[in-house]
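Hello,

Here is the structure I promised to pass on to you.

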Amino acid sequence: MNQARVTMEVIDGVAIVTISNPPVNALALTIFDGLKEKFSEAMRRDDVKAIVLAGNGGRFSGGFDINVFETVHKTGDISVLPDTSIDVLVNVIEDGKKPTVAALEGLALGGGLELALGCHARIAAPKTQLGLPELTLGVIPGSGGTQRLPRLIGLPKALEIILFSRSVTSEEGKKLGLVDAVVPSGELLKVSRQWALDIADSRKPWIRSLHSIDKLGSLPEMHAVITSARQQVKQVAKNMPQHQACLDVIEEGIIHGGYHGLLKESKVFRELVATDTSKGLVHAFFAQRATTKVPNISDIGLKPRRIKKVAVIGGGLMGSGIATALILSDIYVILKEINSEYLLKGIKMVEANVRGLVSRKKLVEDKAEKALLMLKGVLDYSEFKDVDMVIEAVIENIPLKQKIFGDIEKACPPHCILASNTSTIDLDIVGEKTKSQDRIVGAHFFSPAHVMPLLEIIRTDKTSPQVVLDLMAVGKIIKKVPVVVGNCTGFAVNRTFFPYSQSAHLLVHLGVDVYRIDQLIRNFGLPIGPFELQDLAGYGVAVATTKEFSLTFPDRTFATPLVELLIKNGRNGKNNGKGYYIYEKGSKPKPDPAVLPIIEESRRLTNIMPNGKPISVTDEEVVEMILFPVVNEACRVLDDGVVVRASDLDIASVLGMSFPSYRGGIIFWADTIGADRVYRSLQKWSEAYGKFFKPSKYLEERATRGIPLSAPASTSSVARPRL
């Protein structure tokens, strides 16, 4: 195991202090001790005139070791956080009697960049990534970044980098004043050494960035910039404290001076580490990294095969999105449709997806042209003879999918992976008429497929480990987060969230307003509410998935005629501009009062209001009555062993269903509330409103025994693993 350490070598009067902690030179606690020791030695030595701070292995530093955050969250012991801002950066480096130059390469992020900001100059190799992403973990830069960056590059640009965790290259950093020079990698240490000697000999300026004020502007100007930023983050970062806290800290330094700003920064940083927001975001960070560890897949010595050519069957919304994701990552795609009209439409949708990325400056024109050359449209299976994988993305129709799988088994080579993008149908049913059961796997993308980051990989009892590993590798190539799950109706994500729209419909039929529900769910942190989501997906999807779930889980589905009544009244959501909302080009969806009589008709037909009167519920109860049934189903998913670990379901809920990341995921959020409270609420509602709310055995057991829902299945006596 590589040990975190700091080394020092003296060359021609310059001490080269090097951070070494592979793979990204994370700033572990021992690194800070090493820095103090080596800098103290360099300051004492007569043969040292200046210092260069570098990182080993072509990387400066990826930042503070966030395993320490996890330790704080588990133990509650805030004292393990190092007090480096004054102790190391000011006293040892910035106010040291010998100048220090940071030699930046690869990346200098978070605490890594803050170390560099404390130095007296920064020399960088080309394309070095620079940034302060701490706010994505629920905290703020804690080692002077809030004070030094605005003083080096000006307040507006600094706010953009800090508040929105935007990284810049060394080339852009040079233009901004963040980097003093960009030099070839091979000359980095040589130029940095000479620069440090030039500072020591007064040939170059000795700049302590904490004391610089020339880039800040006048107080009224800065006040206006901060006020504007406060309004902006209210819109984009509601329910999270770190953005406003960061602005408070920056403002403190502007008004009272950089040193005062550092003291407040250190205090606020420690307070934020202990918040639920930081706990949730750090949990989501580690949950995403854990998805690569799949027992009996990633740990048995297999190597992924290269997937060069993929066939996508179906050029609709999902198929065209999947094809887009593949060609953008240099994977050749054969797009098959049943006739020329549909094929042309599918190709145009792929082109529109690619052009949309160009217009939003997410993709350069050359790359777009190259990607579109990787796409070919076909009307039969003749081109399937040399494909490495097929992804079926047709409508949710079992006989059609079975026929397609029978056809592709014959048309494709024997090594070809046979994947389905079905969102709900059990894969054993999809592939029951084929002989190649070991090659059948689920590749469930989320819409829009070229944008949404989750790839749910469904493994049946017969899917070979090699096939799963290959698909995981493809997922990473196309910049998705692959989560491997077991096979059942709805798999992990859609099965967990099928009660979401069901409970929303149940509440509406108990008399709660549709638009109130949507607004409260948005306030909770999801981007849209369940009814707007139904409008966007189209009512055909709602009808098909409800039918599938009601057949498999009849004891916990709520039957309502509302969607059929909407269709009968000529409404199909965003598809035709009319649903629960009115959709007009260029404007936000508007609630449609004309839908209220349709809802009343559905309520009359369903007739479940107690004594015929709407129920009285608080805003908090509305959110919980919609999301606690989701937690309840998540418990069944865990109990059935559909996911490897609870954190897989957490990250899948964040990346696939846009559950707020700062709440950590569906299971993590439930554990912060407490299994007992979720259980008691569901028990109360099941007595008042019926079996839809009946708590699962897993939830009941965890609640009564005081065990977290996320605790490994071994603590439950009823786990039935599917993986």
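Predicted model: local features only at pLDDT ≥ 70, side-chain atom pairs only at ≥ 80, totals over all residues.

Residues are numbered from 1 along each chain as its sequence is written, and side-chain values use heavy atoms, with hydrogens and water left out.

Let me start with the second largest pocket. A pocket here is an open set of points on a 1 Å grid over the protein atoms alone, with protein on both sides within 12 Å along at least five of seven lines, and lining residues have an atom within 4 Å of a point. Its volume is about 1200 Å³, taken as the space filled by probe spheres (1.4 Å probe) set on the points. The lining has 50 residues, and Gly-62, Phe-64, Ile-66, Leu-137 and Phe-285 lie nearest the centre. By type, the lining divides into 25 nonpolar, 17 polar (Gly counts here) and 8 charged residues (Asp, Glu, Lys and Arg). Helix α12 gives the most, with 7 residues; among the other helices that supply at least two are α2 (67-75), α3 and α11 (258-273). Helices (H or I, at least four residues) and strands (E, at least two) are DSSP runs, numbered from the N terminus.

Helix α3 (residues 84-94) is also the place of Ser-85. Ser-85 is buried, at a relative accessible area of 1%; buried means under 20%, with a 1.4 Å probe and protein chains only. Beyond its neighbours within four places in sequence, Ser-85 is in contact (heavy atoms within 4.5 Å) with residues including Gly-142, Leu-262 and Glu-265.

Now to the strands. Strands pair if DSSP finds at least two bridges between them. An open sheet of 3 strands runs in the order β5-β7-β8 with mixed pairing, and β5 (107-109) and β8 (168-169) are its edge strands, each pairing on one side only. β5 and β7 (residues 129-131) run parallel, joined by 3 bridges, and Leu-109 has Gly-131 as its bridge partner.

Strand β15 (residues 440-445) is largely enclosed by the rest of the structure, because 6 of its 6 residues are buried. Ile-440, Gly-442 and His-444 point one way, and Val-441, Ala-443 and Phe-445 the other. β15 pairs with β14 (residues 417-420) in the parallel sense over 3 bridges, and with β16 (residues 454-459) in the antiparallel sense over 4 bridges.

Best wishes

Methods. Buried < 20%, exposed > 50% of the residue type's maximum accessible area, 1.4 Å probe, protein only.
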